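Subject: Structure for your files

Dear colleague,

Please find the structure below. My notes on the chain contact follow it.

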Number of protein chains: 2
Amino acid sequence: MAKEIWSREEVVRGKKIIFSWLHSKDAVVILAKRADNKIAFVQQRRPAIDKILLELPAGGIEKGEDPLLAAQRELKEETGWTGSDWMLLTSYFPSPGITDEKMYVFSCKLKDQADQELDEGEEIDVLYFTPEEALNMIKRKEIIDGKTIIALLLSSL
Amino acid sequence: MAKEIWSREEVVRGKKIIFSWLHSKDAVVILAKRADNKIAFVQQRRPAIDKILLELPAGGIEKGEDPLLAAQRELKEETGWTGSDWMLLTSYFPSPGITDEKMYVFSCKLKDQADQELDEGEEIDVLYFTPEEALNMIKRKEIIDGKTIIALLLSSL
């Protein structure tokens, strides 16, 4: 989990400026619905902010990995589910002033469930909510994870 | 613009794990409407991703600064406008797996315009779009900045 600061010199209004940012692998987030229309969420501790957050399943894209395959792998690892009917909803930059991380937003249907296959350092509870419950949790500021807010709001447009 | 990596050791499922992340100051983003209902956007180069992005006005909260005052300052610096009727729509974490940055989302009405007061390294064009034009740009994937997507979608709920 080594993190790296990258930098670049650019000329802005005639002056040389050094910009720096966190270099990060790209990532995927998955809006996955069960047959009863409930969406799969994961609840996990985020050491960076010392909070337990309710998020959609998500994770990093490994070097050379296709974003769709990364989404299928992360969904399986974090929830145990395999999905079908995969779609790429959008991709965006979570915080382009401080990191080059790019986020791919996928949707799918949940098909079959087995056990989680968690990475070292992961401890994840899987929970299910209807789209309406999820929107209400955004309005009540109980969902405060950016990728989760974007995926839910985009899919409700 | 120095960036710092912070880390913390935690015990997960009986094993010591070191988590690391980019420590960042918190930030504000502002959804500001002119009397004709058009929203103020800024277009600027983002060295981290080597792209010119269309975003809402935004910026970092200085040490000890109140988020609302930071929002009022950043709006003035980037667009020249002062605002009225300020409201905090929400706050969220753009990417809690890799950074502790917290983003405060404000809305306001635009009141009076003077000149921009740009920071060193900033070169920013101000543009205006209706809420409908903005939503269409999200759907067409022309707006790909996370904070801008969240502020626009939340305000249209």
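Axes here are lines fitted to C-alpha atoms, for helices over the stretch in contact, and angles run from 0 to 180 degrees between N-to-C directions. Helices (H or I, at least four residues) and strands (E, at least two) are DSSP runs, numbered from the N terminus. This is a predicted model, in which local features need pLDDT of at least 70 and side-chain atom pairs pLDDT 80 or more, while totals for chains, interfaces and linings use all residues. Residues are numbered from 1 along each chain as its sequence is written, chains are lettered from A and ligands numbered from 1 in the order written, and side-chain values use heavy atoms, without hydrogens and water.

Helix α3 (residues 146-155) of chain A and helix α3 (residues 146-155) of chain B have axes that come within 10 Å and cross at roughly 50°. α3(A) is therefore oblique to α3(B) (under 35 degrees is roughly parallel, over 145 roughly antiparallel, 65 to 115 roughly perpendicular, the rest oblique). Residues in contact (heavy atoms within 4.5 Å) include Ile149(A) and Leu153(A) from α3(A), and Ile149(B) and Leu153(B) from α3(B).

The contact between the chains takes 56 residues from chain A and 56 residues from chain B.

There are 6 salt bridges between chain B and chain A (a side-chain nitrogen of Lys or Arg within 4 Å of a carboxyl oxygen of Asp or Glu). Lys15(A) pairs in this way with Glu120(B), with the closest N and O atoms 2.5 Å apart. Glu10(B) and Arg45(A) form a salt bridge at 3.0 Å, N to O. This pair links strand β1 (residues 4-12) of chain B to strand β4 (residues 39-46) of chain A.

Regards
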